[in-house]
Amino acid sequence: MSIGLGLPIGDPAQLLSWARRAEATPFTTVALLDRLVFHNPEPLITLATLAGATSRIRLQTEVLLAPLHRTALLAKQAATLDLLSGSRFTLGIGIGGRDDDYLAAGVDQRTRGRRLDAQMATLRRLWSGEPLSEEVGPIGPAPARPGGPEVLFGGFVPAVIERVARYGDGFLGAALPPAHMDGLFRAVEEAWSRVGRTGRPRLVAQVNVALGPPPVVDRARRELCAYYQPSSYTEHVVNGLLTTGAQICAAVAGYRAIGADEVMLYCWSPGPDQVERLADAVFGTE
């Protein structure tokens, strides 16, 4: 099982240091979240920058709010990033739930699920080299990975599980303990088999973390709270932040036991020394 790092958004200028330091550890992936009406850096631009500063580590959106993006441009951006990174890019996709993001993008939030389904059909066609329509030709460049970058869907509702089976390569589950994630993983596998897909879906779990003295952890909690407010589950997410090496190792072991292919440690403290703190916690005894 692989272990990756979710990149903090509290200090975007530090992210180059994060990526370079992560590449010097056994971490396999660095990932970045997506919002429009927030102070986070734009994920595709940021990951493209990090791709140029690294050579081994994978790059992942976790998750990109695809309905906010124009489909043809998203196809081009994702294919370009996959090509220039040497097929190190994973496109994690979700729909989000914040009204302000959709208002800012001029997209009707009520149609986001249908819009995403239509987008995925178009993305897959374009990444395979087919024309956009009868009037518009293909949109390149061709991605390095045949058929397009790896696609993971994040979320909790049944429609997400069906999207994995129809359009995706795997599932990304966030902020749930292993006992609860187990049911989602098994549902994804069942849907995958039901539609006749070969092989197996990739299963990825995400957990929120921060390590260090009380001021470091307190700032991480504030960052996490600011990102999730206003929401009915803000308190649940903040209380679920893992802040000791023992807690993180127990979670990693729990996800491994339910068949996770990768666990993403999403860090909410912006200090780049978190890379080594987390690496010592999860790899120090290997």
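Student: Which way do Thr29, Val30, Ala31 and Leu32 point from strand E2, and are they buried or exposed?

Tutor: Keep in mind that this is a predicted model. In a regular strand, side chains alternate between the two faces of the sheet. In strand E2, which covers residues 29–32, Thr29 and Ala31 point one way while Val30 and Leu32 point the other way, and all are buried.

Student: In which sense do E1 and E2 pair, and what is the hand of the crossover between them?

Tutor: Strand E1, residues 2–6, pairs with E2 over two bridges in the parallel sense, and Gly6 stands opposite Ala31 in E2.

Student: Which residue of E3 stands opposite Val30?

Tutor: Strand E3, residues 58–65, pairs with E2 in the parallel sense over four bridges, and together with helix H2, residues 43–52, these two strands make a right-handed β-α-β unit. Within E3, the residue opposite Val30 is Leu59.

Student: What do the strands E1 to E8 form when taken in order?

Tutor: The pairing is parallel throughout the run E1-E2-E3-E4-E5-E6-E7-E8, and neighbouring strands of this sheet are turned by 25° against each other on average, direction ignored. Five bridges join E1 to strand E8, residues 262–267, and these strands run parallel, with Gly4 opposite Met264 in E8. The eight strands form a closed barrel.

Student: How are helices H5 and H6 placed relative to each other, roughly parallel or roughly antiparallel?

Tutor: The axes of H5, residues 112–127, and H6, residues 158–167, come within 11 Å and cross at roughly 15°, and the crossing is right-handed. Among the residues that meet are Leu116 and Met120 in H5 and Arg163 and Tyr167 in H6. Angles under 35 degrees count as roughly parallel, and therefore H5 and H6 are roughly parallel.

Student: At about what angle to E1 does helix H11 run?

Tutor: Helix H11, residues 274–283, lies across E1, E7 and E8. Its direction relative to E1 is at about 155°.

How values were computed. Residues are numbered from 1 along each chain as its sequence is written. This is a predicted model: local features need pLDDT of at least 70, side-chain atom pairs count only at pLDDT 80 or more; totals for chains, interfaces and linings use all residues. Side-chain values use heavy atoms; hydrogens and water are left out. Buried means under 20% relative accessible area, exposed over 50%, partly exposed in between (1.4 Å probe, protein chains only). Two strands pair if DSSP finds at least two bridges between them. A crossover is right-handed if, with the strands pointing away from the viewer, the path from the first strand over the helix to the second runs clockwise. Axes are lines fitted to C-alpha atoms, for helices over the stretch in contact, and angles run from 0 to 180 degrees between N-to-C directions. Angles under 35 degrees count as roughly parallel, over 145 as roughly antiparallel, 65 to 115 as roughly perpendicular and the rest as oblique. A crossing is left-handed if the near helix is turned anticlockwise from the far one by less than a right angle, and right-handed if clockwise. Contact means heavy atoms within 4.5 Å.
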